[in-house]
Amino acid sequence: MARALNPAAGPTISIPWAKVLRKTIFFACLLALWEALARTGIWPDYLFPGPLAVADKLISGFGDSSFFIAILVSLRRLLIGYCISLVVGVIFGLLIGRNKLIEETLGSLVLGLQALPSVCWIPLAILWFGLSEQAMTFVVVMGALFSIILGVVAGVKNTPPVYLKAARNMGSHGLPLALQVILPAALPTILTGLKQGWTFAWRSLMAAELIYITVSLGGLLDTGRNLNDTAQVIAVMLIIIAIGAAIDAIFFTPLEKRVRERWGLAR
Amino acid sequence: MARALNPAAGPTISIPWAKVLRKTIFFACLLALWEALARTGIWPDYLFPGPLAVADKLISGFGDSSFFIAILVSLRRLLIGYCISLVVGVIFGLLIGRNKLIEETLGSLVLGLQALPSVCWIPLAILWFGLSEQAMTFVVVMGALFSIILGVVAGVKNTPPVYLKAARNMGSHGLPLALQVILPAALPTILTGLKQGWTFAWRSLMAAELIYITVSLGGLLDTGRNLNDTAQVIAVMLIIIAIGAAIDAIFFTPLEKRVRERWGLAR
Amino acid sequence: MQQQTLSHTGSAISAARHNKSAEGGIPLQIRGVEKTFSQRGRLVAALSTIDLDIAAGEFVCILGPSGCGKSTLLSIIAGLEEASGGTVQADGKVVQGPGTDRILLFQEAALFPWLDVQGNVEFGLRQVGIGARERARIAHQYIELVHLKGFEHSYAHQLSGGMRQRAAIARALAIDPAVLLMDEPFGALDALTRDRLHTELEAIWSTTRKTVVFVTHNVREAVALGDRVLVFSPRPGRIVHEFHIDFPRPRSLENHLLVDKAAEILSVLSEAMESQEKEGDHGARA
Amino acid sequence: MQQQTLSHTGSAISAARHNKSAEGGIPLQIRGVEKTFSQRGRLVAALSTIDLDIAAGEFVCILGPSGCGKSTLLSIIAGLEEASGGTVQADGKVVQGPGTDRILLFQEAALFPWLDVQGNVEFGLRQVGIGARERARIAHQYIELVHLKGFEHSYAHQLSGGMRQRAAIARALAIDPAVLLMDEPFGALDALTRDRLHTELEAIWSTTRKTVVFVTHNVREAVALGDRVLVFSPRPGRIVHEFHIDFPRPRSLENHLLVDKAAEILSVLSEAMESQEKEGDHGARA
Amino acid sequence: SGSGPKSVTIHLGYFPNITHAVALVGVERGTFKQAFGPDVTLDTKTFNAGPSLIEALFAGDIDIGYVGPNPAINGYVKSKGSALRIIAGASSGGASLIVRPGAHIQSARDLNGKKIASPELGGTQDIALRHYLQQQGLKTADKGGTVQVIPTKNPDIVTLFKQGQLDGAWVPEPWASTLVQQDNGQVFLDERSLWPGHQFVTTNVVVRKQFLDQHPDLVEKFLQAHVDTVQYIKSNLDSTKTIVNSEIKRLTGKALQPSIIDSSFKNLDITYDPLAQSLYQSADSAFALGFLGSSKPDLHGIYELKPLNAVLSSKKLAPIAES
Ligand SMILES: Nc1ncnc2c1ncn2[C@@H]1O[C@H](COP(=O)(O)OP(=O)(O)OP(=O)(O)O)[C@@H](O)[C@H]1O
Ligand SMILES: Nc1ncnc2c1ncn2[C@@H]1O[C@H](COP(=O)(O)OP(=O)(O)OP(=O)(O)O)[C@@H](O)[C@H]1O
Ligand SMILES: [Mg+2]
Ligand SMILES: [Mg+2]
């Protein structure tokens, strides 16, 4: 039980070396396992290339900067689409979560709409936006939007009613109630919805980038697949996973941690 | 303020006619709007078919029972894949949510893995399962799994610590703690994760059903697209939306309502 | 970090008052209010018919056994819960919903976890559009009043039970409502802090002539603070006895008359509970 | 729905006891325990060094100002919170974490919202593998003991504050631990219910010789129940005075000696608070 | 809108694919741009599948496109002839039935009980395969027969072929060459051998009907460049291969293996002849197999070859017949 009191704990931010080490070991093990599996030769290497082949691909892809360009192009589309989904999703989520009529009508469709694969939105995207960046953005938005709505609605509905009562009693209503009480109260759940929306946005982007072909991660993935270049497919997968892990580490995890700490949910 | 006390409220289940009426009006309006848009002729009808053309397609599809078969085939795959994701997802979610080491390693990858489009898993599915139902199931599972994990982890981490303290104090630990305390405490959030997982499962299924084409919703959608048969695409979309709305109405909404009521979150 | 002396904080409050027009309390009329809850199909009668008139500026204390519907009644007055029957009028107008003229201090503190103590206290002020500096000033004064100076930037989960309760008191007082509905506000406080807050509350009340409805389990507290003490029967709650307390203020808890009155009320309370138990009615029917 | 008389429930409890070996309490040794919290980089000393020996079967009451670290101390004894320094030994073994020998009754009721009252009371019994029927029997007896019969199948949000507290008491008592750590267990109860539960608790304690650590703000309650009363200073809490209460049991709250003792303790408590205030130390440092 | 040539932009669609070599070379060498002159802007978009291109054409976002016969037929039929016209061909051939050596398929009879893949249910190769089987007196499994036709995506065909899960596959280039070169696949049948003159259409040039009506002059200029490019390719095969591969690399970020390019070009003919007969015949087979609905589609009028013939005659080349 007894631990020496560490007066430095808390305010100072120190690099958590132990954590970094553990992570490094984990990823090293993954790599080793992958290489070992590839070496056994159970699967031919054109179907299951080892890390070296993929590393080669990554080096040459980044070397001729085509991967850089693809990442920038795709990330830009992703961020624009995601931000639009975020704003629209939060607004609709609040409306559905708070208004019985909208919930019964529009809300009953959200689960079904979110289940639609992104290709379904492509004809509409072309119809409305032509062969343009906006068409891709539209597909990304339709991919992530309903997922974010689901999260916001859940957050709003799982808010302990006592907060709402207290707020209404203190004269809060309408927009201030939504922004100052419902959203913050729902924030822990909303954040999860945002994470889900983020993954949907990626997946939709991969479909959207096939509306017409450009150098982009979606394009690279499709080309890799069409040419049965498994190493390229895996390289793109690694890039997506790495970006996901980075966004998680830079953005979502600290945000969630802060919210949990402040809400008193941290252990 | 004063309302007459209705002693029948609560136990008896009565059909909420007002609600049914409101919903009917809403969907009728949607249909009318769609028809009106189609009639204006802004878009040629082969690009934007009206409800009548789609109804034709639905009638003939259900008439020769090909839609029935497709729905049954797809739903079967969906349910199998979803149930596997559910079980595996809850287990991994609990592990990641409770174990710092697993969280730092495996957990850091979940967001990235979930962002991978389903096509990425298809080569692996073929490699491991060949041309089989299992290959499709695998793709569905990989589509929904990480989403469910995200939901369970969030639920576990957002559990008010006092419940855990009380439970541990009363001698609960290990599996009983997980099943009797953590899961129920996290249930409201987990349910949202399950909804998100459900939509992911659908989308992945649509990709999985292209591994090889059989009579299935994914196959119908792909065929519709390949033949530029927009009416068929919309017919499949409507089927997906309708199934989503039905599952929501039959399964998720009552479950969420019950959980919220019991947890004291209902208003 | 020097703690303010009591007299100092007291004067701070009167300073805060000066900025608002202290319009004083408003009268409440409760007519035939009753409440029945349904629990899994079973009906639980929480309140049987309540008729009650509270004058503007009156300090009414409510005593009653656990679960007799006291909190429910306050909620109904606040407009946060619908009565199953009857009406509540505040200042002659039928209550249709919550309003900042009637502020309910919840039995559980109900602090917003995403705001620190100061943010919580400022919340109500923000809703009526008071500027940031003025808000901060008022909040500071009430935080001092409840002896939470130094914890302005703590969050609810970093406070002890009593500190949370005090923060909630500051939040309610800062709004300066015409009617204060207080549900066991001092339940989690030690005797001394409680005494001090009695004094503060009485001071605020006597300056601003608010209407106060005060639920407590402490008979002496009721006698020390109330103009009138209502004793409720066990569930379903109804008013079984009403005591007018005419002792001059400030009252001392050591005063013999007061102690005797408390004893009298306690015996009425016990009687009400025991007689009901003999009837074998729990207020819960299948 | 006929309410059980007190004597009846009392005997029901002794019947419940019969099934378990009433091993009695265990001693607690607290050595140099201290606790400092960090709040946004600011350090808050909640407990300064606490040294305390509690004998097996002793009933110790703790009094102290709000926020002085009483709940923190109970949490540390329960093994739910780590001390910043010092050790706690229960029955000679250093406490490393929670254990069913020491059950903490939280200040907030902490009922599980997904279980009804009966499910909550049965929870602890289920963890040790007691069969369903036996569990239901024991749960029933404790639910009766706290006067919640008729509400077995209610959920936490359907109960009043006091009812929630009573359900939590039943849940803790049903586990029949060697050490009961009670944090203001009767704070939200009316005087009469409180009196009755005093009697029940005393009966249980005297039959089973549990060790009880009881935090309260009610000085009279402390004097009525405790073998020993500890008075804490304001934050950072330390023991400023210790009173041994040797009055015979059962004690009557009207007993003059008891009233005098209570007055004496109260004055010590006030002194401790006021002297600290003069020192100008809040226990919170930047 | 036809408000003078100054404001015209031509939207050209094609695939970064060997069968679309004419488009790739024409764009890279600036032949199209030159033909249109400085007042016309050329906007190019590349697609990965015919249906997407037709979709874009429907929506008015593509004016001229290189696309396979099936999407062209579907687009024509679905729009009841109002959306598009075929104005030229671009390539012929380039599809083969490749079999796995271990499957021991020597003759058509050996296909009995085998698993043969095609890239898309009801697609060009799928129809060709089913039609061929029918002619050989074999029945497919979905009609109660013994040959399993498995429609699955081209890349998945390669994977499954490698794993031995397929016995053969009727695929277009470059996958046919890939199967041969990387997986020891054997060419069981070059589809060209089934057709008169060893020619059948693989890529068409389609134009949006409205665009054709508004800008017949531009369409003719385009066809001029198209025919020029075809002729350039025929006489400069080696530089064509380099151009095609560098364009593929530019557009997709990844080049093909030169050996695949070489072999693909061997199995492919570049031509401006739309080979109308083969299209009609393929459509007939599709209808017979039940893929084009219940009433036989009327393809009469899908071709608009006057502009092409005008171009050809100005170049003193033989005109093309519509049937
Ligand atoms: N939301 C609810 N649903 C069902 N029953 C409820 C609900 N809220 C309160 N009750 C019931 O109403 C009765 C009165 O509750 P209330 O909270 O008003 O009591 P109280 O007088 O404030 O008690 P306490 O002194 O213990 O706080 C209780 O029996 C309780 O079970
Ligand atoms: N999790 C926490 N983080 C930071 N500070 C805390 C935390 N828990 C308690 N504290 C601080 O520790 C001090 C003691 O708290 P504790 O809950 O032990 O008081 P208490 O004696 O039980 O008071 P009360 O009678 O009001 O319940 C308080 O000042 C509080 O702000
Ligand atoms: Mg109450
Ligand atoms: Mg405490």
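This is a predicted model: local features need pLDDT of at least 70, side-chain atom pairs count only at pLDDT 80 or more; totals for chains, interfaces and linings use all residues.
Colleague: How do you know which protein atoms are donors of the magnesium ion, ligand 4?

Modeller: The cut-off is 2.8 Å for N, O and S atoms. OG of D:Ser71 and OE1 of D:Gln107 lie 1.9 to 2.2 Å from the ion, and these are its protein donors. D:Ser71 sits in helix H2 (residues 70–78) of chain D, and D:Gln107 in the loop between strand S6 (102–105) and helix H3 (117–127) of chain D, so the pair ties together parts 36 residues apart in sequence.

Colleague: How do you know that chain C and chain E do not touch?

Modeller: Contact needs heavy atoms within 4.5 Å, and the nearest C-alpha atoms of chains C and E are 48 Å apart. No contact joins chains D and E either, with their closest C-alpha atoms 49 Å apart.

Colleague: Which residues does B:Trp202 touch?

Modeller: Leaving out residues up to four places away in sequence, B:Trp202 touches A:Ala115, B:Leu75, B:Leu78, B:Leu217, B:Ile240 and B:Ile243. B:Trp202 is among the residues with the most contacts inside the largest nonpolar core, which has 437 residues. Another core, of 20 residues including E:Ile105 and E:Phe200, lies apart from it.

Definitions and conventions. Residues are numbered from 1 along each chain as its sequence is written. Chains are lettered from A and ligands numbered from 1 in the order in which they are written. Side-chain values use heavy atoms; hydrogens and water are left out. A nonpolar core is a set of buried Ala, Val, Leu, Ile, Met, Phe, Trp, Tyr and Cys residues joined through side-chain atoms within 4.5 Å. Buried means under 20% relative accessible area, exposed over 50%, partly exposed in between (1.4 Å probe, protein chains only). Donors are N, O and S atoms within 2.8 Å of the metal (3.2 Å for Na, K and Ca); water is not among the atoms, so sites may look incomplete. Helices (H or I, at least four residues) and strands (E, at least two) are DSSP runs, numbered from the N terminus.
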